[in-house]
There are 2 protein chains.
Amino acid sequence: MKKIKSVNYSDTVITGGLWKEKQKMLRDTTVYAVYDRFKDTGRIDAFKCDWKEGQPNKPHYFWDSDVAKWIEGVAYLTKLKKEPKLEAMADEIIDNIEKNQGEDGYFNIYFTVVAPDKRFSDRDCHELYCAGHLMEAAAAYYEATGKRKLLDAMCRYADYIEKRFKIDKDTAFTTPGHEEIELALVRLYDCTGEKRYLELSEFFIDQRGQKEEALNNWSHGLYNQSHKPVREQFEAEGHAVRAVYLYCGMADIAYKTGDKALKKACERLFDDIISKKMYITGGIGSSSCGEAFTVAYDLSNLLAYTESCAALGLALFANRMLRLDADSRYSDTVERILYNGFLSSVSLDGKSFFYENPLEIIPYLHTRDKSNQNRTMHWPQMQRSEVFSCSCCPPNIVRFIPSIANMMYTDDGKTLYVHQFMQSRTTLSRGNKTLKIEQKTRYPENGRVSITVTGGDTRLAVRIPGWCENYTGDTVKGYAYFDVKDGDTLTFDFSMKVKFIEARPEAVFDCGRYAVMRGPVVYCMESVDNGPCLRDIRIDGGARFKYGKHASLGVPQLTVRAYRRENDEKAPLYSVKHDSLRETEAVLIPYYAFANRGECEMQVWHFVK
Amino acid sequence: MKKIKSVNYSDTVITGGLWKEKQKMLRDTTVYAVYDRFKDTGRIDAFKCDWKEGQPNKPHYFWDSDVAKWIEGVAYLTKLKKEPKLEAMADEIIDNIEKNQGEDGYFNIYFTVVAPDKRFSDRDCHELYCAGHLMEAAAAYYEATGKRKLLDAMCRYADYIEKRFKIDKDTAFTTPGHEEIELALVRLYDCTGEKRYLELSEFFIDQRGQKEEALNNWSHGLYNQSHKPVREQFEAEGHAVRAVYLYCGMADIAYKTGDKALKKACERLFDDIISKKMYITGGIGSSSCGEAFTVAYDLSNLLAYTESCAALGLALFANRMLRLDADSRYSDTVERILYNGFLSSVSLDGKSFFYENPLEIIPYLHTRDKSNQNRTMHWPQMQRSEVFSCSCCPPNIVRFIPSIANMMYTDDGKTLYVHQFMQSRTTLSRGNKTLKIEQKTRYPENGRVSITVTGGDTRLAVRIPGWCENYTGDTVKGYAYFDVKDGDTLTFDFSMKVKFIEARPEAVFDCGRYAVMRGPVVYCMESVDNGPCLRDIRIDGGARFKYGKHASLGVPQLTVRAYRRENDEKAPLYSVKHDSLRETEAVLIPYYAFANRGECEMQVWHFVK
């Protein structure tokens, strides 16, 4: 079997539909909004490395990574369409990086201006994490602009890291407290061909969990996946973003080296997540305590932490797994995240962001501990913010949306795998042949997808979405295979009948309740459309959903017959069950569109009568 | 209208049924078990006041109150039936109190041996709370044994408190951080006839909330009901035990003085609790954060804090309100607490206790934050303990059960109000007449109650339980009135048909779920009877409940047809709703009997099909 390769985002133009809109929003608004907030908060100027004690905007040790992700996003945007203004903004930052890089190659704002004596002494201080994001930015920026300045700087830094960690071994820790550099070094290797970078990534992966090296504030290695050697890790544990970034690196190394034990660990970790620890939106990391995976089936909707970066990271991991195996459990997961837990993280106007993405909001509960300040519960945010003190999510969105076409295809030279459906044109080089693939679709508005291939014959493997029940052909691991000739068009019509979804009985917070999905999109209710006490609404399980457009939000909506109890102000707190209900209409909108009209109740899991 | 008076517990002998069993258990086992644990932990010997820095068992500032409640319980036991051994144990403690009391009348272990310079300097250190419990014990012990030693000592202490707080006003705070002394001073007044004690109670009540006097660790007065003058408090706020103890004191003063504003505040506070902040078990105080009332309808079952002392305190408050108004909303609440949230607090063997009384337990959730130690959630205890570092609940149970007949009757000299039903004989003096009232009943096993009055004619007002739907006579505020002649017997047969109960729609944690009640008793399921995933069980809403006896627990049980989803290990986490269910039988036991067979799932609110 031939090796499956990625098809790069830059070979695809998204020509219509939801993702074209989102890319336009990103290009016109979000990339500037994030920059402006980073400017306001001192993150941009921090790269001048001239901060002094007593001045405002003291740099934090993860600021490098925030801006690095923004630069990476600019690279993708500019690769798709020149953006001289953005490029100039990025260049200025890059100039500062080069100027303030140590002779030895070291670069980190915090450990230059705040704690210059503490270099590589604290495993919890994100130095290697920041380095990784800078490396990713460097590769992306070089590939987009041909400019080598950041790339060269980051190669020097990588060389220095190799020297300190792998050769001299004179650092206070062996592996990063927050993973990221593992996958970034593979990226740097892909960009430069320098095998030492791949080997350094392998080094960090292999060393992880070989000996105890806890973080300052945490009692043991579960939190940052250091509790076991990675090849023995089969259950997703600890900080969810760290976890999936590590798994990305593991998948990269498994792909590059053919390491079977690593591949098996990746498969088992992935299955552990999607079968026990993932919300229906694709969100992961149930608990605010450590922003972490917890135990199997602990999927509280009200307390869901489900950081935007974690959902996005799981998509990156799943997408990497598609190079190891064309199995739709990976691409279905990518899709679940794209249309739900990822897309919810940015407001419809593109200017504000969720760090946490709860699956249910009942505002009054958030004020429960009003008489005290000690040990109050943590509740997820109810409205998006423009910037956070820990602002990892906004720039992650900036780099993710322009490169989303990375998720669409893989190719093994004989078979082109079609994972995601977007109105688009793609150019694929195969030796001396160039295939052109055009998708015509209004997906996910409807399930009709036409795929036309010109420029040659090929085998096509098309993902039949896991939620689709009307496809009748044969599939292998969720893909339907076709031999197509130059100019052929394949047309699919995935039924987007609205469905009630249930969770396994062990997922206690969903018991007795049902989610509503139409195609890949999870729908939610908000009280702004439905009035308060959403949990009192019972959707009529036999009624037909009407699909339409939400008048004020401009997003799709579903309406359906439903019932509620009479609102009797005088009723006692507890009374004998009565079954008289009044009829009403429930209005549902895509989960990704919630919280765009002020603070209100929201729910994903509904009661059905 | 004539003034309604209490009928003292000591005028009633409980001759059979559940409460006779519980009183026997208390007398044979619990009172010794609590003493032994207090001995082990140093609480008993602490009264010698010879602890020195560096020694084990450093006294805590609330230890006096723990033991005082135990002495009070001994008094009630000995009043009902002589217990020389217990009396000797109490006398030894009382001797130490007298011996170590200051010349000035002050007594507090902590502020004698640990922080002798800090007397009355820290509002959060429970000095007046301890004093109050010692005063209650003193009055009870004198009434039971005729021994004055503790009473005299506590009168001296009360005099000293009056001097410092009311006359000299030289203390660092004006009102106690933890209420209790207010109701205790009224008790001391009732026992001694010394009006200054009543006036001192009024003083503390009146001063409360007149000016800001926060506790050390808390930001504002909501926590300990100091946010407003008490006559302006209409919503129950803050630490639930402090709150209901305060409300008891307010009700006492309203009763003694006829203060209408105070009575109105009590009524509104009571209604706020029972209509918005009380669990179906009578538990109150939803949050572990401050052991506090939170916001209306915040009644999480999984996180229910519902301290035993708070339930018991609400019963004391409700029972006091029955002297202000013969209204069954008070006596129904007493009953709800007695058979549920109070009785759950002690194990069936009488040796261990709940501090918290959750309404749902799903053990796996308690381990969710395994990878971290910072900011972990607080989960209620799943099993009862023999003693706690803060061990207020066990001795509160010791004093409550022997005096439970305090809840049965009130009398205004013309009408005898029958609030609770227990197999019993009561003697009631009315001027020169002595009435004898006998209740024959197996309540709450069944709803048949016969009440015979001999020794004279009287008007009887009998509570028709709020849950009872088959009584057809007239009632006034929930009471049926009858003129009975000497020797007459009234017989009632309250239907104990099992019912599904729903909560108001705003009580979100109960939405779509139903509690099962038979008479006053709330039933729960445990996984030890029903297998795991209790939330997956749907009780057949049309099926008949069978009432029987639980084979291993010896308590009543209900069995009923129910359904579950097939247990399919291979099912994905999320799948299309399917409606095929397998039939099963659900076993329910009284809530008060849960957690007597090891750690397992438990739930009070069930799904019904």
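**Figure 1. Strand E14 (residues 521-526) of chain B pairs with strand E19 (residues 581-590) of chain B in the antiparallel sense, over two bridges.** The model is predicted: local features need pLDDT of at least 70, side-chain atom pairs count only at pLDDT 80 or more, and totals for chains, interfaces and linings use all residues. Residues are numbered from 1 along each chain as its sequence is written, while chains are lettered from A and ligands numbered from 1 in the order in which they are written. Helices (H or I, at least four residues) and strands (E, at least two) are DSSP runs, numbered from the N terminus. Two strands pair if DSSP finds at least two bridges between them. B:Tyr523 has B:Pro590 of E19(B) as its bridge partner. E19(B) also pairs with strand E17 (residues 556-565) of chain B, again in the antiparallel sense. Eight bridges link E17(B) and E19(B). Here B:Arg564 is bridged to B:Arg582 of E19(B).

**Figure 2. Helix H8 (residues 195-207) of chain B packs on helix H9 (residues 240-257) of chain B.** Two packed helices are described by the angle between their axes and the distance between the axes. For H8(B) and H9(B), the angle is about 125° and the axes are 10 Å apart. Axes are lines fitted to C-alpha atoms, for helices over the stretch in contact, and angles run from 0 to 180 degrees between N-to-C directions. H8(B) and H9(B) are therefore oblique to each other. Angles under 35 degrees count as roughly parallel, over 145 as roughly antiparallel, 65 to 115 as roughly perpendicular and the rest as oblique. The crossing of H8(B) past H9(B) is left-handed. That term applies if the near helix is turned anticlockwise from the far one by less than a right angle; clockwise is right-handed. H8(B) brings B:Leu198, B:Ser201, B:Glu202 and B:Ile205 to the contact. H9(B) brings B:Gly249, B:Met250, B:Ile253 and B:Lys256. Two residues are in contact if their C-beta atoms, placed from the backbone, lie within 7 Å. By class, the contact of H8(B) with H9(B) has four nonpolar, two polar and two charged residues. Ala, Val, Leu, Ile, Met, Phe, Trp, Tyr, Cys and Pro count as nonpolar, Asp, Glu, Lys and Arg as charged, and the others, Gly among them, as polar.

**Figure 3. Chain A meets chain B, with 60 residues of chain A in contact with 60 residues of chain B.** On the side of chain A that touches chain B, the elements giving two or more residues are helix H10 (260-277), strand E12 (498-503) and strand E18 (574-576) of chain A. E12(A) gives the most, with five residues. This side of chain A divides into 28 nonpolar, 17 polar and 15 charged residues. A strand pair also spans the two chains: three bridges join E18(A) to strand E12 (residues 499-503) of chain B, and the strands run antiparallel. A:Val576 faces B:Ile501 of E12(B) across this pair.

**Figure 4. Five strands of chain A form an open sheet of mixed pairing, in the order E1-E4-E5-E9-E10.** Strand E1 (5-6) and strand E10 (479-484) of chain A are the edges, each pairing on one side only. Inside the order, strand E5 (residues 415-418) and strand E9 (residues 458-463) of chain A run parallel and share four bridges. A:Tyr417 stands opposite A:Ala461 in E9(A).

**Figure 5. An open sheet of five strands in chain B has the order E2-E6-E7-E8-E11, with antiparallel pairing.** Its edge strands are strand E2 (12-14) and strand E11 (489-493) of chain B. The twist averages 15° from one strand to the next. E8(B) and E11(B) run antiparallel, joined by five bridges. B:Thr452 lies opposite B:Thr489 in E11(B).

**Figure 6. Backbone details in loops.** Most residues other than glycine have a negative phi, and most peptide bonds are trans. The bond from A:Tyr443 to A:Pro444 is cis, with omega near 5°. A:Pro444 sits in the loop between strand E7 (433-441) and strand E8 (448-454) of chain A. In chain B, a cis peptide bond joins B:Tyr443 and B:Pro444, with omega about 5°. B:Pro444 lies in the loop between strand E7 (433-441) and strand E8 (448-454) of chain B. A:His126 has a positive phi, near 60°. A:His126 is in the loop between helix H4 (110-113) and helix H5 (127-145) of chain A.
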